[in-house]
Amino acid sequence: MRQPMIVDRSQDRHFMHMALELAAQGAARGEVPVGAVVVQNGEVIGRGFNCPITTNDPSAHAEMVAIREAAQAVNNYRLPGSTLYVTLEPCSMCAGLIVHARIARVVFGALEPKAGIAQSQGQFFTQPFLNHRVLLEGGVMAEACGAALSEFFKQRRAARQG
C-alpha cells in the first residue's frame, strides 16, 4: 500500500505567485491569463501559461504546457509526488492529463464556473472509475487569480468598444 503524501502548505502562496507571474506573461501575448507550475521535492520542474492562440494548439493550456515541460525535465511521463499549481480551476482536458501524469496534488486559485471540472461543474477527481487519486486544494490566492482574469477580459471588452 502506498504511503499517503505529506502535504506542506507553507509554500503554496509562493508557487501560486509564480503561476500568476506566468499568467501575466500569457496576457501580455493576448492569451487568457492562466499560469501553472509543477513542483517536485520543492523544486519547480515545469512552467507554463496559456498559449493556444499564439501556437494554434487547442491543447496548449497552462497545465498542459507545464506538465509537458516537467515530464521532459524528469525524463518520465509520470510525475508521482508532484504538485501542480494553477491560477484557474482545471478543465476536463487538463483534469484527464493530471490523472494520467499521476500528479499527486493540484492547488488552484480561482474557480472556473463555466468549465471547471474539479469543483464548479463536477468533481472529476473523486470519480470512482479513476485509477489515481489527486489531492485537491482550491482557493489559494483566489482573489488575485480572479482579478487577473477579470482585468484581462475588462480590457478586451474596452478594446472592442473603443
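These are questions and answers about a predicted model.

User: What makes α1 roughly parallel to α5?
Analyst: Helix α1 (residues 12–28) and helix α5 (residues 142–161) pack at an angle of about 5 degrees. Angles under 35 degrees count as roughly parallel. That is why α1 is called roughly parallel to α5. The two axes are 10 Å apart.

User: Which residues meet where α1 packs on α5?
Analyst: From α1 come Met 16, Leu 20 and Ala 27. From α5 come Ala 144, Cys 145, Ala 148 and Phe 152. By class, this contact has seven nonpolar residues, with no polar and no charged ones.

User: Where does α1 lie relative to the strands?
Analyst: Helix α1 lies across β1, β2, β3 and β4. Its direction is at about 140 degrees to β1.

User: In what order do the strands of the open sheet run?
Analyst: The order is β2-β1-β3-β4-β5, five strands in an open sheet. The pairing is mixed. From one strand to the next, the twist averages 15 degrees.

User: What makes β2 and β5 edge strands?
Analyst: Each of them pairs on one side only. Strand β5 covers 135–137.

User: How do you know that β1 and β2 pair?
Analyst: Two strands pair if there are at least two bridges between them. Strand β1 (residues 35–40) and β2 have six bridges, in the antiparallel sense. Val 38 stands opposite Gly 46 in β2.

User: What is found in the hairpin of β1 and β2?
Analyst: Two residues lie between the strands. Asn 41 takes a positive phi there, near 55 degrees.

User: Why is β2 called largely enclosed by the rest of the structure?
Analyst: Strand β2 covers residues 43–49. Five of its seven residues are buried, so the strand is largely enclosed.

User: Which residues does UniProt list for "binding site"?
Analyst: The unreviewed entry lists His 61, Cys 91 and Cys 94.

User: How do you know that they cluster in space?
Analyst: They are spread over 34 residues of sequence, yet the largest C-alpha distance is 9.3 Å. Contacts also link them: Cys 91 touches His 61, along with Ala 115 and Ile 117. Cys 94 is in contact with His 61 too, and with Glu 63 and Met 64. Both contact lists leave out neighbours up to four places away in sequence.

User: Is Cys 91 buried or exposed?
Analyst: Its relative accessible area is 16%. Buried means under 20%. Therefore Cys 91 is buried. Cys 91 sits in the loop between β3 (83–88) and α4 (92–100).

User: Why does Cys 94 count as buried?
Analyst: Cys 94 has 0% relative accessibility, so it counts as buried. Its place is in helix α4.

User: Why does Gly 96 count as buried?
Analyst: Gly 96 has a relative accessibility of 18%. The cut-off is under 20%. So Gly 96 counts as buried. Gly 96 also belongs to helix α4.

User: What do the buried residues of α4 pack against?
Analyst: They pack against α3 (62–74), β3 and β4 (105–110). The buried residues are Cys 94, Ala 95, Gly 96, Ile 98 and Val 99.

User: Which residue with a positive phi follows α4?
Analyst: Arg 102 does, with a phi near 65 degrees.

User: Which residue does UniProt list for "active site"?
Analyst: The unreviewed entry lists Glu 63. Glu 63 is found in helix α3.

User: Is Glu 63 buried or exposed?
Analyst: Its relative accessible area is 4%. That value is set against a cut-off of under 20% for buried. So Glu 63 is buried.

User: What does Glu 63 touch?
Analyst: Residues up to four places away in sequence are not counted. The contacts are Ala 36, Leu 84, Val 86, Leu 88, Pro 90, Cys 94 and Leu 97. One of these, Cys 94, is also in UniProt's "binding site" list.

Methods
Residues numbered from 1 in each chain as written. Predicted model: local features only at pLDDT ≥ 70, side-chain atom pairs only at ≥ 80, totals over all residues. Heavy atoms only, no water. Axes fitted to C-alpha atoms, helices over the stretch in contact; angles between N-to-C directions. Helix = DSSP H or I, 4+ residues; strand = E, 2+ residues; numbered from the N terminus. Parallel < 35°, antiparallel > 145°, perpendicular 65-115°, else oblique. Contact = heavy atoms within 4.5 Å. Nonpolar A, V, L, I, M, F, W, Y, C, P; charged D, E, K, R; others polar. UniProt positions renumbered as here; feature names shortened; annotations may be inferred. Buried < 20%, exposed > 50% of the residue type's maximum accessible area, 1.4 Å probe, protein only.
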